[in-house]
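Work through the following exercises on side-chain contacts. Each task is followed by a stepwise solution.

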Amino acid sequence: ICEDTDVEKAALSGAIRKMRNTGQVCTSPTRFFVHHSIFEEFKTRFTKRAAATVVGNGMEPGVEMGPTANERRIPVLTALVEDAVAKGAELLTGGARLGDRGYFFQPTVLANVPPEAQIMQEEPFGPIAVINPVTSLDDAITRANSVPYGLAGYAFTNRADYIDRMIDEVEVGNLSI
C-alpha cells in the first residue's frame, strides 16, 4: 500500500478481499505492507472493517464470511496467532475460534509482525491478516519477495513508475494494481 493511494479505499478493499471466502482462496491477500506515512490510518480503518465482518451461515442474508473448511483449520489458525503474538506482534482484533459450534474463526488482524513469526512464511488459509509498515517501495518489494511462493500480489498506488517497478520486480504469478 503506497503512500500516494486513497487509504480509506485501500483499507476497505483489503479487508473485504481478505475475509472473502474466509481467507481460504489461493489468491487471498494475507500480508499487507503499508508505507509508514499512512500505516496508522490504514491499520485503524482495515481493523475496523475486518472486525465488522458479519460471520455466520452463508445462506443467510447479510452474512459476509462463513466457516473455515474443516475443524483442522481452527488449531492451525490459533497457533499462527499465538506464535505471532509471542514473538511481539500486536493483535488488533479477533484471534480465536468464534463460538463453540461449527468451524468459525474470528476475522483477525495482526500488526507489526516480526519476520520470524510463522505467519510471515506460511499462508494461514483463513481469516488472518498481517499489516506491517515499510519505509519505501524497495522495502515492500523485498518483503513481498521474501517467501518461497507468490501466487498473487496486490498493490495500491497511483504512480506509473511504482507500477512499472512492481510489474518487473514483484515475484508473483498474478499482480493486481
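The exercises below treat charged pairs and then aromatic pairs.

The model is predicted, so local features need pLDDT of at least 70 and side-chain atom pairs count only at pLDDT 80 or more, while totals for chains, interfaces and linings use all residues. Residues are numbered from 1 along each chain as its sequence is written, and side-chain values use heavy atoms, with hydrogens and water left out.

**Exercise 1.** Determine how many salt bridges the whole structure holds, and characterise the one between glutamate 8 and arginine 45.

Solution. 
Step 1. The criterion is a side-chain nitrogen of Lys or Arg within 4 Å of a carboxyl oxygen of Asp or Glu. A search of the whole structure on this basis gives 10 salt bridges.
Step 2. For glutamate 8 and arginine 45, the N to O distance is 3.7 Å.
Step 3. Glutamate 8 belongs to helix α1 (residues 7–19) and arginine 45 to helix α2 (residues 39–51), so the contact ties together parts 37 residues apart in sequence. Helices here are DSSP runs of H or I with at least four residues, and strands are runs of E with at least two, numbered from the N terminus.

**Exercise 2.** Identify the network that contains Arg45, and classify the exposure of its members.

Solution. 
Step 1. Glutamate 41 also forms a salt bridge with arginine 45, with the closest N and O atoms 2.9 Å apart.
Step 2. These two residues are 4 residues apart in helix α2, a separation of about one helical turn.
Step 3. Relative accessible area (1.4 Å probe, protein chains only) defines buried as under 20%, exposed as over 50% and partly exposed as in between. Glutamate 8, at 47%, is partly exposed; arginine 45, at 35%, is partly exposed; glutamate 41, at 37%, is partly exposed.

**Exercise 3.** Which residues do ring pairs link into a cluster with Phe42?

Solution. 
Step 1. Rings of Phe, Tyr and Trp (its six-membered ring) pair if their centres lie within 6.5 Å; planes under 30 degrees apart are stacked, over 60 edge-to-face, and the rest tilted. The structure holds 3 aromatic pairs.
Step 2. Phenylalanine 32 and phenylalanine 42 have ring centres 6.2 Å apart and planes at 40 degrees, so the pair is tilted. This pair links distant parts of the chain, strand β1 (residues 31–35) and helix α2.
Step 3. Phenylalanine 32 is buried at 7%, and phenylalanine 42 is buried at 0%.
Step 4. Phenylalanine 42 also makes a tilted pair with phenylalanine 46, at 5.6 Å centre to centre and 35 degrees between the planes. Both of these residues are buried.
Step 5. The cluster therefore comprises Phe32, Phe42 and Phe46, linked by ring pairs.
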